[in-house]
Amino acid sequence: AREFAVDSVAQDAGEETPEEAGAVELSPSLLDRTRKLVGEACERCAEGAAADALLKVVNRLDEPLRVAIVGRAKSGKSTLLNALVGQELAVADPVDGTTVPTWYRDGVSCKVTLYPVTGSPHQLDFAPTGAAGAVSIGDVRPEEIDRLVIDWPSPVLHGMTLIDTPGSDWATGDLLARFGDKIGIADAVVHLIGHAGARDSGLSDDAGSPAIAVGVLSRADEVGHARPDAMEAAGRIAERLRHDPRVRRLCQTVVPVAALLAASGATLREPEYLAIARLAALDDEQADRLMLSADSFAHAPEPRRPAPGERRALLDRFGMFGVRSATELVRDGCVAGRDELSSALVRRSGVERLRDLLSSRLVERADVLKARSALLAVEVVLKGFPPGESTQQHLLYELEHIRGSAHELREIDLLGTLCGEVPQLSDQDRVLAERLLGGEGADPCARLALPPGAGPERTHEAAARALEQWQRHAENPVSSRQVAEICRAVVRTCEGLLQDVTVG
């Protein structure tokens, strides 16, 4: 890693490979400029804690985006991780919850590695049965463990590394580490928010920029006593939370997800499908009596098949909403067979919308978010230098130059600003500005509210129209300084969209 960092400085100093000779010269990307800065910092910090920290930053730039799942203890973080991956990887324990930060990343083989706070990492054995995260840490106490890393081949993990965190008190202090002398471990976050809103998330208002976060209404299937319309009711709660000022300081949007249903639906087994089919075959009176409550479903002596033990197992796996939904789908003839029921339950859970949001709002701008994290880390390292030291002065100047000239970082900062109160900016203009700045996705079509795959002519026309509109806003003499800055930034975004279409 150190050789890579130093080599990058040599290349930036003017050395040229044969393949690069005669190539069209392009402006370096934000990620490339960040690599150059980190490489120069590595070269100037030959040894010590600062050098070790910078080498870790170098490695992060070539890793997938790190996305941490945070919320109160036992709020369903592990279950949501399983839902996103579509496999039983994390141990979802409703009693103890996650006690050690556990990273799930894409790998060519399946393995678990324990990284202690002090000492060398070592591999652990998978449990014979159960989730991949069901490993024994032996005599090691949780407080002596920095993290567990589980490598698992997965298309979802190919685009992002998911971090299952302990309770939110730990996450707020160590996750993004925007303040103090800590280097954060994540680039973006998924906030689990309870039905009561931000006060039920366990997170403080400084838990990170809302532009790098997505909110999830946890346990959405439990709304309204897990009735058949639970997800519709959860959708209304999520819509209300999107406009809650405290929630908007945490994340730009909130989506309802029945994580237990998504995880269990994706791993539906044939015996479970057969048991659900037997439930669907009951007469209406017997089915209504059985489905009246979770207690009656689990303990009623009749019917004999599925037996009370089978029913309790279904309840543990799918929850009351899942059992009711699965039985309804089979009874009404909406699905035929295990695979169709599995797909239908995953769709009903809402997890597919969450995956789309993570892709459009986070993974699509992964390079920008990783560069942002790296610059924050370099800043933390440089704060440890003696004040006025020449290396510190030079690198801080380069860091601020990158920040000041990178419009992508400015967009993220302004998206955070727009989530708060902005006097003199109408709600309609705020929504338009958020979208143009990439709040609903970095793709030009998402920014311009065009259908995916809109042609160059239509994209050019929309970008030109938006540019004209926001130029007028920016020139309004009665606008406050804050509103004028926002308008000028949106103008810069529109100019970039127009140039990209023209060049393309």
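This is a predicted model: local features need pLDDT of at least 70, side-chain atom pairs count only at pLDDT 80 or more; totals for chains, interfaces and linings use all residues.
Strand E6 spans residues 160-164, and five of its five residues are buried. The burial extends to both faces of the strand: Met 160, Leu 162 and Asp 164 are covered on one side, while Thr 161 and Ile 163 are covered on the other. E6 pairs with strand E1, residues 65-70, through five bridges in a parallel arrangement. Within this pairing, Arg 66 has Thr 161 of E6 as its bridge partner. A further pairing, antiparallel in sense and made over three bridges, links E6 to E2. Here Leu 162 of E6 stands opposite Tyr 104.

Strand E2 (102-105) also contributes to the largest pocket, as do H3, strand E5 (145-151) and helix H6 (168-174), each supplying at least two lining residues. The volume of the largest pocket is about 1000 Å³. Its lining comprises 31 residues, and those lying nearest the centre are Lys 56, Trp 103, Asp 146, Arg 147 and Ile 185. The most is given by H3, with seven residues of the lining. Divided by class, the lining of the largest pocket holds 15 nonpolar, four polar and twelve charged residues.

Two cavities of 30 Å³ or more were found. The second largest cavity contains about 40 Å³ of space. Val 57, Arg 60, Leu 61, Asp 187, Lys 370, Ser 373, Ala 374 and Ala 377 form its lining. Two or more of these lining residues come from each of helix H3 (49-60) and helix H16 (366-383). H16 provides the largest share, four residues. In terms of class, the lining of the second largest cavity consists of four nonpolar residues, one polar residue and three charged residues.

With regard to the cysteines, a search of the whole structure returned zero disulfides. For Cys 419, which takes part in no disulfide, the nearest cysteine sulfur belongs to Cys 251 and lies 8.1 Å away. Cys 419 has a relative accessible area of 4% and is therefore classed as buried, the limit being under 20%. Cys 110, by contrast, is partly exposed, because its relative accessibility of 39% falls between the limits of 20% and 50%.

Technical notes
Residues are numbered from 1 along each chain as its sequence is written. Side-chain values use heavy atoms; hydrogens and water are left out. On a 1 Å grid over the protein atoms alone, a cavity is a set of points where a 1.4 Å probe fits but cannot get out, and a pocket is an open set with protein on both sides within 12 Å along at least five of seven lines; lining residues have an atom within 4 Å of a point. Grid points are joined across faces, edges and corners, and a volume is the space filled by probe spheres set on the points. Ala, Val, Leu, Ile, Met, Phe, Trp, Tyr, Cys and Pro count as nonpolar, Asp, Glu, Lys and Arg as charged, and the others, Gly among them, as polar. A disulfide is a pair of cysteine sulfur atoms within 2.5 Å. Buried means under 20% relative accessible area, exposed over 50%, partly exposed in between (1.4 Å probe, protein chains only). Two strands pair if DSSP finds at least two bridges between them.
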